[in-house]
Amino acid sequence: MSIVSRQRGAIVNLISARNLTVSHGGHTAIEGVDFHISRGEIVTVVGPNGSGKTTLLRALIGAVRPTKGEVKHKDGLRIGYVPQSLSIDPTLPMTVARFLALPRRHGTDHIEQALEQAGAQGLAARPLSALSGGQFQRALLARALLDRPDLLVLDEPTTGLDQPGSAAFYRLIEDIRSSTGCAVLMVSHELHVVMSASDRVVCLNGHVCCHGTPDIVASAPEYRALFGTGTGGALALYRHDHDHNHDHGHNHSHSAPDRDLAQTSQDAK
Amino acid sequence: MILDDFLTRAVVAGLGVAFAAAPLGCFVVWRRMAYFGEATAHAAVLGIALALALEVSVVAGVLGVSLAMAVAVSSMGERGYGMDTLLGVLAHSALALGLVAVSFQSGVRLDLMAYLFGDILAVSRMDIAVIWGGAALVIALILWRWSALLTTTLSRDLAHASGINPGREKLILTLCLALVVAVAIKVVGALLITALLIIPPAAARPLARSPEAMALIAAFVGSVAVLAGLWISYLYDTPAGPSIVSAAALVFAATHIGAFAARRSS
(Lines give C-alpha, C1' and ligand atoms only; values in the text may rest on other atoms or scores of the structure.)
Protein backbone atom coordinates (compact mmCIF):
# COMPACT_ATOMS: atom_id res chain seq x y z
CA MET A 1 0.00 0.00 0.00
CA SER A 2 2.56 2.57 1.11
CA ILE A 3 5.18 3.88 -1.27
CA VAL A 4 7.59 4.67 1.53
CA SER A 5 9.33 2.03 3.54
CA ARG A 6 9.30 1.90 7.32
CA GLN A 7 12.38 1.85 9.47
CA ARG A 8 12.54 0.00 12.74
CA GLY A 9 14.98 0.25 15.61
CA ALA A 10 16.97 3.06 17.12
CA ILE A 11 17.23 5.36 14.15
CA VAL A 12 16.95 9.02 15.04
CA ASN A 13 15.97 10.25 11.58
CA LEU A 14 12.23 10.78 11.25
CA ILE A 15 12.54 10.80 7.47
CA SER A 16 15.53 9.97 5.37
CA ALA A 17 15.76 9.91 1.61
CA ARG A 18 18.58 8.72 -0.58
CA ASN A 19 19.28 9.60 -4.20
CA LEU A 20 15.69 10.78 -4.70
CA THR A 21 14.66 11.46 -8.29
CA VAL A 22 11.12 12.41 -9.29
CA SER A 23 10.12 12.98 -12.90
CA HIS A 24 6.68 13.40 -14.36
CA GLY A 25 5.79 13.66 -18.01
CA GLY A 26 9.43 13.60 -19.16
CA HIS A 27 10.32 16.51 -16.89
CA THR A 28 12.69 15.81 -14.03
CA ALA A 29 11.58 17.88 -11.04
CA ILE A 30 14.28 16.76 -8.61
CA GLU A 31 17.32 14.60 -9.16
CA GLY A 32 19.62 12.73 -6.81
CA VAL A 33 18.44 14.46 -3.63
CA ASP A 34 19.65 13.17 -0.26
CA PHE A 35 17.66 14.35 2.71
CA HIS A 36 17.15 13.64 6.38
CA ILE A 37 15.40 15.27 9.29
CA SER A 38 15.70 14.21 12.90
CA ARG A 39 13.61 14.70 16.02
CA GLY A 40 12.96 18.30 17.07
CA GLU A 41 14.79 19.86 14.13
CA ILE A 42 13.54 22.77 12.01
CA VAL A 43 14.65 22.28 8.42
CA THR A 44 13.74 24.71 5.66
CA VAL A 45 13.94 24.02 1.96
CA VAL A 46 14.52 27.17 -0.07
CA GLY A 47 14.83 27.51 -3.81
CA PRO A 48 13.57 29.53 -6.78
CA ASN A 49 10.21 28.82 -8.44
CA GLY A 50 10.21 25.52 -10.26
CA SER A 51 13.17 24.21 -8.28
CA GLY A 52 11.19 21.17 -7.13
CA LYS A 53 10.59 22.27 -3.52
CA THR A 54 6.98 21.12 -3.40
CA THR A 55 7.80 17.93 -5.31
CA LEU A 56 10.48 17.09 -2.75
CA LEU A 57 8.03 17.71 0.09
CA ARG A 58 5.35 15.56 -1.53
CA ALA A 59 7.81 12.76 -2.21
CA LEU A 60 8.98 12.89 1.42
CA ILE A 61 5.44 12.54 2.81
CA GLY A 62 4.62 9.80 0.30
CA ALA A 63 2.20 11.73 -1.92
CA VAL A 64 4.28 11.13 -5.05
CA ARG A 65 6.20 8.02 -5.96
CA PRO A 66 9.90 8.61 -6.59
CA THR A 67 11.19 7.57 -10.00
CA LYS A 68 14.48 6.57 -8.41
CA GLY A 69 15.84 6.40 -4.90
CA GLU A 70 13.95 5.71 -1.71
CA VAL A 71 12.22 7.44 1.18
CA LYS A 72 12.27 5.93 4.66
CA HIS A 73 9.96 6.90 7.51
CA LYS A 74 10.63 6.08 11.12
CA ASP A 75 8.23 3.34 12.14
CA GLY A 76 4.95 4.86 13.39
CA LEU A 77 5.87 8.36 12.22
CA ARG A 78 2.98 10.81 12.62
CA ILE A 79 3.03 13.66 10.12
CA GLY A 80 0.99 16.83 10.48
CA TYR A 81 0.69 18.34 7.03
CA VAL A 82 -0.13 22.00 6.33
CA PRO A 83 -0.78 22.41 2.60
CA GLN A 84 0.25 25.48 0.62
CA SER A 85 -3.28 26.52 -0.02
CA LEU A 86 -6.68 25.00 0.03
CA SER A 87 -9.22 26.18 -2.46
CA ILE A 88 -12.46 25.25 -0.78
CA ASP A 89 -15.43 25.44 -3.07
CA PRO A 90 -17.88 28.01 -1.67
CA THR A 91 -20.66 25.46 -2.11
CA LEU A 92 -19.11 23.28 0.60
CA PRO A 93 -20.43 24.44 3.99
CA MET A 94 -17.87 23.67 6.67
CA THR A 95 -17.04 25.12 10.06
CA VAL A 96 -13.52 25.14 11.48
CA ALA A 97 -14.51 22.54 14.09
CA ARG A 98 -15.93 20.19 11.45
CA PHE A 99 -12.81 20.67 9.33
CA LEU A 100 -10.63 19.71 12.27
CA ALA A 101 -12.70 16.56 12.75
CA LEU A 102 -11.75 15.27 9.28
CA PRO A 103 -11.08 12.48 8.62
CA ARG A 104 -11.20 11.38 12.27
CA ARG A 105 -13.44 12.77 15.00
CA HIS A 106 -11.83 14.38 18.03
CA GLY A 107 -13.26 15.57 21.34
CA THR A 108 -14.28 19.22 21.66
CA ASP A 109 -11.60 19.78 24.33
CA HIS A 110 -8.94 18.36 22.08
CA ILE A 111 -10.06 20.59 19.18
CA GLU A 112 -10.14 23.69 21.39
CA GLN A 113 -6.65 22.88 22.64
CA ALA A 114 -5.25 22.50 19.11
CA LEU A 115 -6.88 25.78 18.06
CA GLU A 116 -5.35 27.53 21.05
CA GLN A 117 -1.93 26.05 20.29
CA ALA A 118 -2.18 27.38 16.76
CA GLY A 119 -3.33 30.80 17.95
CA ALA A 120 -6.80 30.30 16.48
CA GLN A 121 -8.89 30.18 19.66
CA GLY A 122 -12.52 31.11 19.29
CA LEU A 123 -12.72 30.22 15.61
CA ALA A 124 -14.31 26.76 16.07
CA ALA A 125 -17.82 27.75 15.03
CA ARG A 126 -16.80 30.02 12.13
CA PRO A 127 -17.33 28.84 8.55
CA LEU A 128 -14.04 28.30 6.68
CA SER A 129 -15.17 30.68 3.96
CA ALA A 130 -15.40 33.54 6.49
CA LEU A 131 -11.76 33.30 7.66
CA SER A 132 -9.00 35.71 6.71
CA GLY A 133 -5.80 34.37 5.16
CA GLY A 134 -3.96 34.35 8.48
CA GLN A 135 -6.86 32.73 10.35
CA PHE A 136 -7.17 30.07 7.68
CA GLN A 137 -3.46 29.27 7.91
CA ARG A 138 -3.83 28.88 11.69
CA ALA A 139 -6.84 26.62 11.27
CA LEU A 140 -4.79 24.43 8.91
CA LEU A 141 -1.99 24.39 11.47
CA ALA A 142 -4.42 23.45 14.25
CA ARG A 143 -5.67 20.55 12.15
CA ALA A 144 -2.10 19.35 11.61
CA LEU A 145 -1.44 19.53 15.38
CA LEU A 146 -4.48 17.42 16.35
CA ASP A 147 -2.77 14.07 15.88
CA ARG A 148 0.21 15.18 18.03
CA PRO A 149 2.60 14.81 15.11
CA ASP A 150 6.30 13.94 15.37
CA LEU A 151 6.82 16.06 12.29
CA LEU A 152 5.04 19.16 11.02
CA VAL A 153 5.31 19.62 7.27
CA LEU A 154 4.46 23.07 5.90
CA ASP A 155 4.43 24.00 2.22
CA GLU A 156 4.93 27.76 1.78
CA PRO A 157 2.81 28.33 4.88
CA THR A 158 2.76 32.11 4.66
CA THR A 159 1.69 32.58 1.05
CA GLY A 160 -0.72 35.49 1.07
CA LEU A 161 0.31 36.83 4.49
CA ASP A 162 2.00 40.21 4.85
CA GLN A 163 5.47 40.43 6.34
CA PRO A 164 4.49 40.99 10.00
CA GLY A 165 1.89 38.25 9.54
CA SER A 166 4.43 35.73 8.30
CA ALA A 167 7.01 36.72 10.92
CA ALA A 168 4.37 36.08 13.58
CA PHE A 169 3.51 32.76 11.96
CA TYR A 170 7.12 31.58 12.03
CA ARG A 171 7.43 32.64 15.68
CA LEU A 172 4.35 30.52 16.34
CA ILE A 173 6.02 27.55 14.63
CA GLU A 174 9.10 27.97 16.82
CA ASP A 175 6.88 28.13 19.93
CA ILE A 176 5.10 24.94 18.89
CA ARG A 177 8.40 23.21 18.32
CA SER A 178 9.65 24.14 21.75
CA SER A 179 6.37 23.24 23.51
CA THR A 180 5.68 19.96 21.70
CA GLY A 181 9.17 18.91 20.61
CA CYS A 182 8.00 18.08 17.09
CA ALA A 183 10.32 18.46 14.14
CA VAL A 184 9.38 20.97 11.43
CA LEU A 185 10.00 20.71 7.71
CA MET A 186 9.00 23.70 5.62
CA VAL A 187 9.33 25.01 2.15
CA SER A 188 9.60 28.72 1.69
CA HIS A 189 10.69 31.52 -0.53
CA GLU A 190 10.80 34.10 2.24
CA LEU A 191 14.48 33.58 2.77
CA HIS A 192 15.34 36.09 5.42
CA VAL A 193 12.41 35.39 7.74
CA VAL A 194 12.59 31.64 7.46
CA MET A 195 16.31 31.31 7.81
CA SER A 196 16.39 33.02 11.16
CA ALA A 197 14.01 30.36 12.48
CA SER A 198 15.72 27.29 11.00
CA ASP A 199 18.31 24.90 12.38
CA ARG A 200 19.23 23.76 8.91
CA VAL A 201 18.56 25.09 5.44
CA VAL A 202 18.55 23.06 2.24
CA CYS A 203 18.95 25.11 -0.89
CA LEU A 204 17.31 23.33 -3.80
CA ASN A 205 17.42 23.88 -7.55
CA GLY A 206 16.47 20.51 -9.01
CA HIS A 207 19.33 19.12 -6.96
CA VAL A 208 20.69 20.16 -3.55
CA CYS A 209 22.91 23.18 -4.22
CA CYS A 210 24.06 23.56 -0.67
CA HIS A 211 22.87 22.83 2.83
CA GLY A 212 23.82 23.50 6.40
CA THR A 213 23.10 26.05 9.10
CA PRO A 214 21.53 29.29 7.88
CA ASP A 215 24.86 31.11 8.16
CA ILE A 216 26.72 28.55 6.09
CA VAL A 217 24.04 28.49 3.40
CA ALA A 218 23.70 32.25 3.23
CA SER A 219 27.41 32.62 2.56
CA ALA A 220 27.70 29.66 0.18
CA PRO A 221 28.62 30.69 -3.39
CA GLU A 222 25.96 28.32 -4.81
CA TYR A 223 23.28 30.06 -2.78
CA ARG A 224 24.52 33.50 -3.79
CA ALA A 225 24.58 32.41 -7.41
CA LEU A 226 20.90 31.43 -7.14
CA PHE A 227 19.58 34.27 -5.03
CA GLY A 228 22.34 36.85 -5.15
CA THR A 229 21.00 39.21 -7.79
CA GLY A 230 17.25 38.85 -7.43
CA THR A 231 17.02 38.91 -3.67
CA GLY A 232 20.04 40.96 -2.76
CA GLY A 233 17.80 43.25 -0.76
CA ALA A 234 16.16 40.46 1.19
CA LEU A 235 19.49 38.84 1.87
CA ALA A 236 20.92 42.11 3.05
CA LEU A 237 17.89 42.50 5.27
CA TYR A 238 18.46 39.06 6.69
CA ARG A 239 22.10 39.79 7.52
CA HIS A 240 21.07 43.15 8.79
CA ASP A 241 18.33 41.74 11.01
CA HIS A 242 20.79 39.41 12.61
CA ASP A 243 23.64 41.76 13.25
CA HIS A 244 21.24 44.32 14.50
CA ASN A 245 20.55 45.06 18.13
CA HIS A 246 16.93 46.03 18.55
CA ASP A 247 17.60 48.31 21.53
CA HIS A 248 19.60 50.82 19.62
CA GLY A 249 16.71 51.80 17.42
CA HIS A 250 16.76 52.61 13.75
CA ASN A 251 18.91 55.70 13.79
CA HIS A 252 21.35 54.52 11.19
CA SER A 253 18.81 54.20 8.41
CA HIS A 254 17.14 57.49 9.24
CA SER A 255 20.25 59.48 9.97
CA ALA A 256 22.01 58.58 6.74
CA PRO A 257 20.13 61.04 4.50
CA ASP A 258 20.25 63.69 7.26
CA ARG A 259 24.00 63.35 7.49
CA ASP A 260 24.25 63.64 3.75
CA LEU A 261 22.16 66.75 3.90
CA ALA A 262 24.32 68.16 6.67
CA GLN A 263 27.41 67.35 4.63
CA THR A 264 25.98 69.17 1.66
CA SER A 265 25.04 72.23 3.66
CA GLN A 266 28.50 72.30 5.22
CA ASP A 267 30.05 72.05 1.80
CA ALA A 268 27.91 74.96 0.70
CA LYS A 269 29.25 77.22 3.44
CA MET B 1 -51.20 -4.32 -3.05
CA ILE B 2 -50.16 -0.72 -2.87
CA LEU B 3 -47.59 -1.05 -5.69
CA ASP B 4 -50.40 -1.96 -8.10
CA ASP B 5 -51.07 1.71 -8.64
CA PHE B 6 -48.80 3.19 -11.33
CA LEU B 7 -48.60 6.52 -9.54
CA THR B 8 -47.49 4.88 -6.31
CA ARG B 9 -44.83 2.93 -8.19
CA ALA B 10 -43.66 6.18 -9.77
CA VAL B 11 -43.40 7.87 -6.35
CA VAL B 12 -41.46 4.95 -4.87
CA ALA B 13 -39.07 4.86 -7.85
CA GLY B 14 -38.59 8.63 -7.83
CA LEU B 15 -37.86 8.75 -4.10
CA GLY B 16 -35.24 6.02 -4.48
CA VAL B 17 -33.40 8.03 -7.11
CA ALA B 18 -33.75 11.26 -5.12
CA PHE B 19 -32.22 9.68 -1.98
CA ALA B 20 -29.20 8.31 -3.87
CA ALA B 21 -28.71 11.41 -6.01
CA ALA B 22 -28.66 13.80 -3.02
CA PRO B 23 -25.40 12.78 -1.27
CA LEU B 24 -23.66 11.96 -4.56
CA GLY B 25 -24.88 15.23 -6.06
CA CYS B 26 -23.31 17.13 -3.16
CA PHE B 27 -19.91 15.75 -4.13
CA VAL B 28 -20.60 16.51 -7.79
CA VAL B 29 -21.26 20.14 -6.78
CA TRP B 30 -18.36 20.45 -4.29
CA ARG B 31 -15.86 18.89 -6.68
CA ARG B 32 -17.21 20.75 -9.73
CA MET B 33 -17.94 17.51 -11.56
CA ALA B 34 -21.13 18.66 -13.32
CA TYR B 35 -19.68 18.16 -16.79
CA PHE B 36 -18.29 14.86 -15.68
CA GLY B 37 -21.79 13.77 -14.65
CA GLU B 38 -23.14 14.98 -17.96
CA ALA B 39 -20.63 12.90 -19.96
CA THR B 40 -21.43 9.83 -17.87
CA ALA B 41 -25.17 10.32 -18.29
CA HIS B 42 -24.98 10.91 -22.03
CA ALA B 43 -22.90 7.77 -22.48
CA ALA B 44 -25.97 5.93 -21.18
CA VAL B 45 -27.67 6.38 -24.58
CA LEU B 46 -24.80 4.50 -26.20
CA GLY B 47 -25.23 1.88 -23.48
CA ILE B 48 -28.91 1.49 -24.39
CA ALA B 49 -28.03 0.98 -28.06
CA LEU B 50 -25.44 -1.66 -27.17
CA ALA B 51 -27.80 -3.42 -24.78
CA LEU B 52 -30.49 -3.63 -27.47
CA ALA B 53 -28.02 -4.88 -30.08
CA LEU B 54 -26.53 -7.49 -27.76
CA GLU B 55 -29.92 -8.33 -26.24
CA VAL B 56 -28.77 -7.84 -22.67
CA SER B 57 -30.64 -5.86 -20.01
CA VAL B 58 -30.71 -2.10 -20.52
CA VAL B 59 -29.54 -1.48 -16.95
CA ALA B 60 -26.47 -3.66 -17.54
CA GLY B 61 -25.67 -1.93 -20.85
CA VAL B 62 -26.05 1.54 -19.33
CA LEU B 63 -24.01 0.61 -16.27
CA GLY B 64 -21.20 -0.85 -18.39
CA VAL B 65 -20.87 2.02 -20.87
CA SER B 66 -21.36 4.75 -18.24
CA LEU B 67 -18.73 3.16 -16.04
CA ALA B 68 -16.33 2.89 -18.96
CA MET B 69 -16.92 6.55 -19.82
CA ALA B 70 -16.54 7.66 -16.21
CA VAL B 71 -13.30 5.74 -15.70
CA ALA B 72 -11.90 6.99 -19.02
CA VAL B 73 -12.73 10.60 -18.20
CA SER B 74 -11.44 10.48 -14.64
CA SER B 75 -8.12 8.99 -15.73
CA MET B 76 -7.76 11.75 -18.33
CA GLY B 77 -8.46 14.29 -15.63
CA GLU B 78 -5.11 13.49 -14.05
CA ARG B 79 -3.19 14.78 -17.02
CA GLY B 80 -4.34 18.36 -17.18
CA TYR B 81 -6.26 18.58 -20.46
CA GLY B 82 -8.74 21.42 -20.94
CA MET B 83 -11.41 19.52 -19.05
CA ASP B 84 -14.54 21.41 -20.09
CA THR B 85 -13.67 21.08 -23.78
CA LEU B 86 -12.71 17.44 -23.46
CA LEU B 87 -15.85 16.57 -21.52
CA GLY B 88 -18.00 18.54 -23.93
CA VAL B 89 -16.55 16.54 -26.83
CA LEU B 90 -17.03 13.21 -25.02
CA ALA B 91 -20.52 13.93 -23.66
CA HIS B 92 -21.99 15.04 -26.95
CA SER B 93 -20.15 12.46 -29.03
CA ALA B 94 -21.48 9.69 -26.79
CA LEU B 95 -25.00 11.09 -27.06
CA ALA B 96 -24.84 11.51 -30.86
CA LEU B 97 -23.21 8.14 -31.40
CA GLY B 98 -25.79 6.53 -29.13
CA LEU B 99 -28.68 8.12 -31.05
CA VAL B 100 -27.20 6.95 -34.36
CA ALA B 101 -26.66 3.44 -33.00
CA VAL B 102 -30.19 3.27 -31.59
CA SER B 103 -31.61 4.25 -35.00
CA PHE B 104 -30.32 0.95 -36.43
CA GLN B 105 -32.59 -0.94 -34.02
CA SER B 106 -36.08 -1.46 -35.40
CA GLY B 107 -38.97 -0.60 -33.14
CA VAL B 108 -37.10 1.52 -30.58
CA ARG B 109 -37.75 4.83 -32.28
CA LEU B 110 -40.80 5.41 -30.09
CA ASP B 111 -38.97 4.34 -26.95
CA LEU B 112 -36.20 6.81 -27.62
CA MET B 113 -38.12 9.64 -25.97
CA ALA B 114 -38.48 7.46 -22.89
CA TYR B 115 -34.73 6.92 -22.67
CA LEU B 116 -33.94 10.59 -23.20
CA PHE B 117 -36.57 12.04 -20.87
CA GLY B 118 -37.55 9.11 -18.66
CA ASP B 119 -40.73 7.15 -18.33
CA ILE B 120 -41.37 7.08 -14.62
CA LEU B 121 -45.08 6.39 -14.98
CA ALA B 122 -44.24 3.06 -16.63
CA VAL B 123 -41.88 1.64 -13.97
CA SER B 124 -42.49 -1.99 -13.10
CA ARG B 125 -41.95 -3.75 -9.77
CA MET B 126 -38.72 -5.09 -11.23
CA ASP B 127 -37.60 -1.54 -12.08
CA ILE B 128 -38.34 -0.51 -8.50
CA ALA B 129 -36.24 -3.37 -7.18
CA VAL B 130 -33.33 -2.35 -9.46
CA ILE B 131 -33.67 1.34 -8.54
CA TRP B 132 -33.78 0.71 -4.78
CA GLY B 133 -31.00 -1.87 -5.00
CA GLY B 134 -28.74 0.57 -6.85
CA ALA B 135 -29.74 3.48 -4.63
CA ALA B 136 -29.03 1.47 -1.46
CA LEU B 137 -25.60 0.51 -2.81
CA VAL B 138 -24.76 4.14 -3.64
CA ILE B 139 -25.94 5.39 -0.23
CA ALA B 140 -24.02 2.64 1.57
CA LEU B 141 -20.80 3.36 -0.36
CA ILE B 142 -21.02 7.10 0.33
CA LEU B 143 -21.86 6.66 4.02
CA TRP B 144 -18.98 4.21 4.42
CA ARG B 145 -16.43 6.54 2.80
CA TRP B 146 -18.01 9.84 3.91
CA SER B 147 -15.08 11.28 5.92
CA ALA B 148 -12.47 10.07 3.44
CA LEU B 149 -14.47 11.50 0.52
CA LEU B 150 -14.82 14.85 2.27
CA THR B 151 -11.11 14.99 3.08
CA THR B 152 -10.21 14.14 -0.52
CA THR B 153 -12.61 16.82 -1.74
CA LEU B 154 -10.87 19.43 0.44
CA SER B 155 -7.36 18.52 -0.70
CA ARG B 156 -5.68 15.51 -2.25
CA ASP B 157 -2.50 16.23 -0.32
CA LEU B 158 -4.33 16.41 3.01
CA ALA B 159 -5.89 13.07 2.16
CA HIS B 160 -2.48 11.57 1.40
CA ALA B 161 -1.10 12.88 4.66
CA SER B 162 -4.03 11.28 6.52
CA GLY B 163 -3.34 7.91 4.92
CA ILE B 164 -6.27 8.16 2.47
CA ASN B 165 -5.75 7.23 -1.17
CA PRO B 166 -7.50 10.01 -3.15
CA GLY B 167 -7.44 7.93 -6.34
CA ARG B 168 -9.49 5.22 -4.66
CA GLU B 169 -12.02 7.71 -3.27
CA LYS B 170 -12.41 9.23 -6.72
CA LEU B 171 -13.01 5.76 -8.15
CA ILE B 172 -15.77 5.21 -5.58
CA LEU B 173 -17.50 8.42 -6.66
CA THR B 174 -17.09 7.40 -10.30
CA LEU B 175 -18.69 4.04 -9.60
CA CYS B 176 -21.56 5.70 -7.71
CA LEU B 177 -22.11 8.08 -10.59
CA ALA B 178 -22.42 5.23 -13.10
CA LEU B 179 -24.82 3.43 -10.73
CA VAL B 180 -27.05 6.49 -10.31
CA VAL B 181 -27.11 7.02 -14.08
CA ALA B 182 -28.12 3.40 -14.61
CA VAL B 183 -30.98 3.52 -12.12
CA ALA B 184 -32.15 7.07 -12.87
CA ILE B 185 -32.48 6.67 -16.62
CA LYS B 186 -35.96 5.21 -16.27
CA VAL B 187 -37.04 8.04 -13.97
CA VAL B 188 -35.76 11.23 -15.59
CA GLY B 189 -33.93 10.01 -18.71
CA ALA B 190 -30.36 10.50 -19.90
CA LEU B 191 -30.70 14.21 -20.61
CA LEU B 192 -31.97 15.24 -17.17
CA ILE B 193 -30.01 12.98 -14.79
CA THR B 194 -27.40 15.66 -14.15
CA ALA B 195 -30.19 18.05 -13.19
CA LEU B 196 -31.38 15.68 -10.50
CA LEU B 197 -27.81 15.38 -9.22
CA ILE B 198 -27.03 19.08 -9.11
CA ILE B 199 -30.21 21.04 -8.49
CA PRO B 200 -31.23 19.57 -5.08
CA PRO B 201 -27.77 20.11 -3.47
CA ALA B 202 -27.56 23.57 -5.02
CA ALA B 203 -31.03 24.37 -3.64
CA ALA B 204 -29.94 23.06 -0.22
CA ARG B 205 -26.73 25.10 -0.03
CA PRO B 206 -28.16 28.37 1.41
CA LEU B 207 -29.92 26.41 4.17
CA ALA B 208 -26.96 24.22 5.20
CA ARG B 209 -24.19 24.91 7.70
CA SER B 210 -22.48 21.52 7.48
CA PRO B 211 -21.84 19.02 4.69
CA GLU B 212 -24.10 16.47 6.36
CA ALA B 213 -26.97 18.95 6.60
CA MET B 214 -26.52 19.84 2.95
CA ALA B 215 -26.85 16.18 1.90
CA LEU B 216 -29.95 15.67 4.09
CA ILE B 217 -31.64 18.86 2.91
CA ALA B 218 -30.79 17.91 -0.69
CA ALA B 219 -32.52 14.55 -0.16
CA PHE B 220 -35.56 16.40 1.19
CA VAL B 221 -35.56 18.84 -1.74
CA GLY B 222 -35.25 15.95 -4.18
CA SER B 223 -38.17 14.14 -2.56
CA VAL B 224 -40.34 17.25 -2.63
CA ALA B 225 -39.46 17.71 -6.30
CA VAL B 226 -40.42 14.11 -7.10
CA LEU B 227 -43.76 14.40 -5.30
CA ALA B 228 -44.57 17.85 -6.69
CA GLY B 229 -43.43 16.92 -10.19
CA LEU B 230 -45.55 13.78 -10.29
CA TRP B 231 -48.53 15.67 -8.91
CA ILE B 232 -48.21 18.37 -11.58
CA SER B 233 -47.77 15.69 -14.21
CA TYR B 234 -50.92 13.92 -12.99
CA LEU B 235 -53.00 17.09 -12.84
CA TYR B 236 -51.95 18.69 -16.11
CA ASP B 237 -50.72 15.68 -18.11
CA THR B 238 -47.20 17.10 -18.42
CA PRO B 239 -44.17 14.82 -18.99
CA ALA B 240 -43.18 13.44 -15.57
CA GLY B 241 -39.37 13.62 -15.70
CA PRO B 242 -39.19 17.24 -16.87
CA SER B 243 -41.92 18.17 -14.35
CA ILE B 244 -39.78 16.75 -11.50
CA VAL B 245 -36.74 18.72 -12.66
CA SER B 246 -38.86 21.88 -13.02
CA ALA B 247 -40.14 21.45 -9.47
CA ALA B 248 -36.54 21.11 -8.23
CA ALA B 249 -35.61 24.27 -10.13
CA LEU B 250 -38.48 26.13 -8.41
CA VAL B 251 -37.15 25.04 -4.99
CA PHE B 252 -33.68 26.22 -6.04
CA ALA B 253 -35.08 29.62 -6.98
CA ALA B 254 -37.06 29.81 -3.72
CA THR B 255 -34.14 29.05 -1.39
CA HIS B 256 -31.83 31.45 -3.19
CA ILE B 257 -34.36 34.27 -3.26
CA GLY B 258 -35.02 33.57 0.42
CA ALA B 259 -31.31 33.69 1.27
CA PHE B 260 -30.90 36.90 -0.71
CA ALA B 261 -33.85 38.51 1.09
CA ALA B 262 -32.48 37.38 4.47
CA ARG B 263 -29.10 38.97 3.70
CA ARG B 264 -30.76 42.20 2.61
CA SER B 265 -32.89 42.48 5.72
CA SER B 266 -30.11 41.65 8.21
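Q: What sense do E6(A) and E7(A) pair in, and over how many bridges?
A: E6(A) and E7(A) pair in the parallel sense, over four bridges. Two strands pair if DSSP finds at least two bridges between them, so four is enough. A strand here is a DSSP run of E with at least two residues, a helix is a run of H or I with at least four, and both are numbered from the N terminus. One link to look for is A:Gly80, whose bridge partner in E7(A) is A:Leu152.

By the way, this is a predicted model: local features need pLDDT of at least 70, side-chain atom pairs count only at pLDDT 80 or more, and totals for chains, interfaces and linings use all residues. Residues are numbered from 1 along each chain as its sequence is written, while chains are lettered from A and ligands numbered from 1 in the order in which they are written.

Q: How do you know that E7(A) is joined to E8(A), and how do they run?
A: Count the bridges: there are five between E7 (residues 151-155) and E8 (residues 183-188) of chain A, and these strands run parallel. For instance, A:Leu154 has A:Met186 as its bridge partner in E8(A).

Q: Why is helix H1 of chain A called largely enclosed by the rest of the structure?
A: Because nine of its nine residues (53-61) are buried. Among them are A:Lys53 and A:Arg58, along with A:Leu56 and A:Ile61.

Q: Is B:Phe260 buried or exposed?
A: Exposed, because it has 11 other C-beta atoms within 10 Å. You'll find B:Phe260 in helix H12 (residues 240-265) of chain B.

Q: Why are H2(B) and H4(B) called roughly parallel?
A: Their axes come within 7 Å and cross at roughly 20 degrees. Angles under 35 degrees count as roughly parallel, over 145 as roughly antiparallel, 65 to 115 as roughly perpendicular and the rest as oblique. H2(B) and H4(B) are therefore roughly parallel to each other. The axes are lines fitted to C-alpha atoms, for helices over the stretch in contact, and angles run from 0 to 180 degrees between N-to-C directions. By class, this contact has 17 nonpolar, three polar and two charged residues. (Ala, Val, Leu, Ile, Met, Phe, Trp, Tyr, Cys and Pro count as nonpolar, Asp, Glu, Lys and Arg as charged, and the others, Gly among them, as polar.)

Q: What makes H2(B) oblique to H9(B)?
A: H2 (residues 34-54) and H9 (residues 166-184) of chain B pack at an angle of about 45 degrees, with their axes 10 Å apart. That angle makes H2(B) oblique to H9(B). The contact (C-beta atoms within 7 Å, placed from the backbone) brings B:Gly37, B:Thr40, B:Ala41 and B:Ala44 of H2(B) to B:Leu177, B:Ala178 and B:Val181 of H9(B). Those residues divide into five nonpolar, two polar and no charged.

Q: How many residues of chain B are in contact with chain A?
A: 22 residues of chain B, which meet 18 of chain A. H7(B) gives the largest share of that side of chain B, six residues. The residues on that side divide into eleven nonpolar, seven polar and four charged.

Conventions:
Two residues are in contact if their C-beta atoms, placed from the backbone, lie within 7 Å. A residue is buried if 20 or more other C-beta atoms lie within 10 Å of its own, exposed if 12 or fewer, and partly exposed in between; C-beta atoms are placed from the backbone.
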